[in-house]
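Take a moment to look over the fold.

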Amino acid sequence: MVNKGDGDLSAVLVIFGGTGDLTHRKLMPALYNLVLDKLLPKHFAIVSVGRRDKTVEEYRAEIHDSIDKHSRNKIDETIWSKLEPMIYYYKFDFTDMTGYAGLNSFLDQLDQKSNTKGNRVFYLAVAPEYFETIVNGLQISGMAERKDSWSRLVIEKPFGKDLKTANQLNNKLLEVFNLDYSSSYF
Ligand SMILES: NC(=O)c1ccc[n+]([C@@H]2O[C@H](COP(=O)([O-])OP(=O)(O)OC[C@H]3O[C@@H](n4cnc5c(N)ncnc54)[C@H](OP(=O)(O)O)[C@@H]3O)[C@@H](O)[C@H]2O)c1
């Protein structure tokens, strides 16, 4: 899902479902391997959203252990030391529409620290029934439409339960994320 893009891949990756199985077993090991292969953009940050109380240190330690367990390459502490400071944990119930403004401010602050230029990738690693809820939250908080930066949305399968619900979801995404086919893609 694309709106504006200028070819600069600096970004904050926001993972909804950051404490879930997919994040621990697949997403974080994949990010680790991107660092290993020197393929992650220089200016990059990862914000994991979850409901559970935990400090960023606790969250990073859990991710370290998951990468060690699930990555195709066993963890090398030098590589981990590059990824670790990019990872943040943000506690927030994504069904609470009043919470998105706080997340937005947190991401804006992170841009200053990480030089990520307001660019966003929202990864919905959550059960499908929450896709529209989160997209609504991104819409009302102004996080979907960026003025001088770009945003992307990644949706996990299944995309709807059948053709009708897949079309409904597609229409919602097109309403919120304004596709511009003249801009660049990646
Ligand atoms: N696991 C896989 O290998 C896999 C493979 C292919 C596709 N998928 C798809 O990926 C998605 C996620 O699967 P999963 O296995 O990772 O699920 P999961 O282990 O149940 O994780 C769900 C995540 O959503 C969070 N969450 C749920 N309700 C929330 C709320 N109201 N506010 C904030 N966070 C909330 C949970 O946070 P808490 O920690 O607070 O509960 C947890 O981080 C699903 O759509 C699934 O079909 C998964």
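Angles between axes run from 0 to 180 degrees, taken between N-to-C directions, and each axis is a line fitted to C-alpha atoms. Keep that in mind for helix H4, residues 100–114. Helix H4 lies across S1, S2, S3 and S4, and runs at about 155 degrees to S2. Note that this is a predicted model.

Now turn to the strands themselves. Strands of a sheet pair through backbone hydrogen bonds, either parallel or antiparallel. Here, five strands form an open sheet with parallel pairing, in the order S3-S2-S1-S4-S5. Which strands sit at the edges? They are S3 (87–91) and S5 (151–155), and each pairs on one side only. On average, neighbouring strands of this sheet are turned by 20 degrees against each other, direction ignored.

Next, look at S1, residues 11–16. Why is S1 largely enclosed by the rest of the structure? Six of its six residues are buried, so the strand has the rest of the structure around it. A residue counts as buried if 20 or more other C-beta atoms lie within 10 Å of its own. The side chains go two ways. Ala11, Leu13 and Ile15 point one way from S1. Val12, Val14 and Phe16 point the other way, and these residues are buried too.

S1 has a partner on each side in the sheet order. To S2 (residues 44–50), S1 is joined by six bridges, and the two run parallel.

Move along to S2 and S3. Five bridges join these two strands, which run parallel. Helix H2 (residues 56–70) lies across S2 and S3, running at about 120 degrees to S3.

How many residues surround the ligand? There are 21, and the closest are Gly17, Thr19, Gly20, Leu22 and Arg51. H1 and S2 each supply at least two residues of this shell. The largest share, four residues, comes from H1. By type, the shell divides into seven nonpolar, six polar and eight charged residues.

Notes:
Residues numbered from 1 in each chain as written. Predicted model: local features only at pLDDT ≥ 70, side-chain atom pairs only at ≥ 80, totals over all residues. Buried ≥ 20, exposed ≤ 12 C-beta atoms within 10 Å, placed from the backbone. Pairing = 2+ DSSP bridges. Near = placed C-beta within 6 Å. Nonpolar A, V, L, I, M, F, W, Y, C, P; charged D, E, K, R; others polar. Contact = placed C-beta atoms within 7 Å.
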